[in-house]
Amino acid sequence: MEQRRRVPRMSAGWFGICHIEGESEPEWRDCQVIDVSSLGLGITLHHFWPLELVGRQITVEAPAVGGSVNVRLAGVITNADRTAGAVIRVGIEFDGLTESELAVAGVLSLLVDSDLAELPQTADEDAPNLAIARPRA
């Protein structure tokens, strides 16, 4: 099988929340960060129209590295495919990263790699979607 990614992604398994630009309700929704790399991430979320997501900006917030660090990541949705029911697998590419931000994203993917033994692997798509609180300003 041909490797189609520019850089490898590491499994994450973090539950978080995300906000999609232009949604009719500007609320945060539950999502799960499935994998992360220095250039982007993959998430799953509930949505009925995956084709409407491609090209839109998205912000994802999730606890990382054992829950003691919260990470907020933003980028452009490059692909969205239905997996089961209304569960959508979304590919996100970080856009316009400065050298410093690129370095931080690289460190994040290394932290995920070193913490894999402690973090849960990719969750079963049939598992219940656990709700978490919206961040407070």
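Is Arg72 buried or exposed? Arg72 is exposed, since its relative accessible area is 51%, on a scale where buried means under 20% relative accessible area, exposed over 50% and partly exposed in between (1.4 Å probe, protein chains only).

1. Basis of the note. The structure is a predicted model, in which local features need pLDDT of at least 70 and side-chain atom pairs count only at pLDDT 80 or more, while totals for chains, interfaces and linings use all residues. Residues are numbered from 1 along each chain as its sequence is written, and side-chain values use heavy atoms, with hydrogens and water left out.

2. Overall architecture. The protein has one helix and six strands, these being DSSP runs numbered from the N terminus (helices H or I, at least four residues; strands E, at least two). Read from the N terminus, the elements follow the order β-β-β-β-β-β-α. Of the 137 residues in the protein, 39% are buried. Among contacts with a separation of 6 or more, 60% come from residues 24 or more positions apart, a contact meaning heavy atoms within 4.5 Å.

3. Salt bridges, and the pair of Glu61 and Arg72. A search of the whole structure finds four salt bridges, each defined as a side-chain nitrogen of Lys or Arg within 4 Å of a carboxyl oxygen of Asp or Glu. In one of them the side chains of Glu61 and Arg72 meet, at 3.0 Å from N to O. This pair links distant parts of the chain, with Glu61 in strand E4 (residues 57-64) and Arg72 in strand E5 (residues 69-84), eleven residues apart. Glu61 counts as buried at 16% relative accessibility, whereas Arg72 is exposed.

4. The pair of Asp35 and Arg89. Another salt bridge joins the side chains of Asp35 and Arg89, with an N to O distance of 2.8 Å. Because Asp35 lies in strand E2 (residues 29-36) and Arg89 in strand E6 (residues 87-93), the pair ties together parts that are 54 residues apart in sequence. Both Asp35 and Arg89 are buried.

5. The pair of Arg29 and Glu23. Here the closest N and O atoms of the salt bridge are 2.5 Å apart. Arg29 counts as partly exposed, at 24% relative accessibility, while Glu23 counts as buried, at 18%.

6. Asp30 in strand E2. Strand E2 also holds Asp30, which counts as buried at 17% relative accessibility. The C-alpha atoms of Asp30 and Cys18 are separated by 6.4 Å, although these residues are twelve residues apart along the chain.

7. Strands E5 and E6. These two strands pair in the antiparallel sense over seven bridges, where pairing requires that DSSP finds at least two bridges between the strands. Ala80 stands opposite Val90 in E6. The hairpin of E5 and E6 has two residues between the strands, and Gly85 takes a positive phi near 60° in that hairpin.

8. Aromatic rings. A search of the whole structure finds one aromatic pair. Phe48 and Trp49 form this pair, which is edge-to-face, with 5.9 Å centre to centre and 65° between the planes. The criterion takes rings of Phe, Tyr and Trp (its six-membered ring) whose centres lie within 6.5 Å, with planes under 30 degrees apart counted as stacked, over 60 as edge-to-face and the rest as tilted. Both Phe48 and Trp49 are exposed.
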